[in-house]
Amino acid sequence: MNLSALLQLPPHGLSIFLLVLVRSSAIFLIAPILGNTNVPARVKIGLSALLALILTPLLLNSPPQADLDTVWGILPCVLSELLLGVLIGFLAQLFFVTVQFAGQIVGLQMGFGMASVFDPQSGGQLSVVAQFYLLLGVLVFLLLDGHHWLLVALQKSFQSFPLGSFRFDAEALGVLLNASNELFWVALMIMAPVLGVLMLSELAMAIVARILPQMNVFVASFPIKIGLGVLTMALSFPLMVGFMAGETERTFASILNYLSR
């Protein structure tokens with residue numbers, strides 16, 4: 001008994017199941033939280049297979065136009081599904097890259113460059129401030145049901161891009177470039193409160209160094225910058241959370257808008 005009969009699928013049902021599995025697996029490969037290397041591969045594969053089993057019966061009436069009985073027919077469809085899944089996952093992940101970048105710059109300016117911890121997701125060293133910003137972004141993502149939005153994006157993608165129909169055209173490139181262009185602006189807005197206070201403190205210490213040249217301002221600046229940075233982060237916490245929430249909603253709104261064309 002073959003797998004199609006075992007799953008009670010028509011002859012082309014197994015090919016549809018595999019294509020849906022490729023798209024869902026590609027999304028969860030780099031999507032926020034689920035794409036983390038700390039998440040076991042079995043969990044990602046199991047969740048992707050479960051979603052493929054749920055969605056396959058809904059797509060049996062609209063099979064791809066390509067010949068799925070040959071390797072040369074199914075291979076372009078697999079590549080198409082892989083590209084679309086990676087695009088959706090990457091667009092969702094961009095916000096977390098931005099938050100992590102902003103936290104890294106703030107941490108370096110506060111003097112936490114030497115106090116770094118290993119980040120298993122990126123495979124590099126991150127300052128404790130960058131880790132704090134990243135965890136805050138994850139909490140905002142979960143509070144806004146971002147993981148549910150990913151499932152909605154997956155479901156919407158099959159309406160706009162039937163199996164094997166996606167092409168990385170100028171429109172897809174434009175969406176990717178627009179999302180990338182927003183990266184530095186969003187990072188600047190997240191960094192602005194702390195960096196602004198630190199710049200003012202640098203200016204004040206420069207004035208003190210001119211007035212009192214015998215004072216070792218360089219050594220005294222470390223605890224001052226750390227204290228001012230932490231205080232500013234605490235005071236701007238509500239604004240930062242609100243801004244992150246708005247950017248998370250905007251990110252998924254742009255993804256769903258592209259998938260709802």
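This is a predicted model: local features need pLDDT of at least 70, side-chain atom pairs count only at pLDDT 80 or more; totals for chains, interfaces and linings use all residues.
**Figure 1. Packing of α2 against α3.** Helix α2, which spans residues 13-30, packs against helix α3, residues 41-59, at an angle of about 135 degrees, and the axes of this pair lie 8 Å apart. With angles of 65 to 115 degrees counted as roughly perpendicular and those over 145 as roughly antiparallel, α2 and α3 are therefore oblique to each other. The crossing in which α2 passes α3 is right-handed. On the α2 side the contact is formed by G13, I16, F17, V20, L21, S24, S25, F28 and L29, while α3 contributes K44, L47, S48, A49, L51, A52, L53, L55, T56 and L59. By class, the residues of this contact divide into 13 nonpolar, 5 polar and 1 charged.

**Figure 2. Packing of α6 against α9.** The axes of helix α6, which covers residues 146-160, and of α9 come within 8 Å and cross at roughly 15 degrees; because angles under 35 degrees count as roughly parallel, α6 is roughly parallel to α9. The crossing in which α6 passes α9 is left-handed. From α6, the residues G146, W149, L150, V152, A153, K156, S157 and S160 meet T248, E249, F252, I255, L256 and L259 of α9. The residues of this contact comprise 8 nonpolar, 4 polar and 2 charged.

**Figure 3. The largest pocket and its lining.** The largest pocket has a volume of about 290 Å³ and is lined by 18 residues, of which N178, A179, R250, T251 and S254 lie nearest its centre. At least two residues of the lining are supplied by each of α4 (71-110), α7 (170-211) and α9 (237-259). The lining is made up of 9 nonpolar, 5 polar and 4 charged residues. Helix α9, one of the elements that supply the lining, is also the helix whose axis comes within 8 Å of that of α6.

Terms used. Residues are numbered from 1 along each chain as its sequence is written. Side-chain values use heavy atoms; hydrogens and water are left out. On a 1 Å grid over the protein atoms alone, a cavity is a set of points where a 1.4 Å probe fits but cannot get out, and a pocket is an open set with protein on both sides within 12 Å along at least five of seven lines; lining residues have an atom within 4 Å of a point. Grid points are joined across faces, edges and corners, and a volume is the space filled by probe spheres set on the points. Helices (H or I, at least four residues) and strands (E, at least two) are DSSP runs, numbered from the N terminus. Ala, Val, Leu, Ile, Met, Phe, Trp, Tyr, Cys and Pro count as nonpolar, Asp, Glu, Lys and Arg as charged, and the others, Gly among them, as polar. Axes are lines fitted to C-alpha atoms, for helices over the stretch in contact, and angles run from 0 to 180 degrees between N-to-C directions. A crossing is left-handed if the near helix is turned anticlockwise from the far one by less than a right angle, and right-handed if clockwise. Contact means heavy atoms within 4.5 Å.
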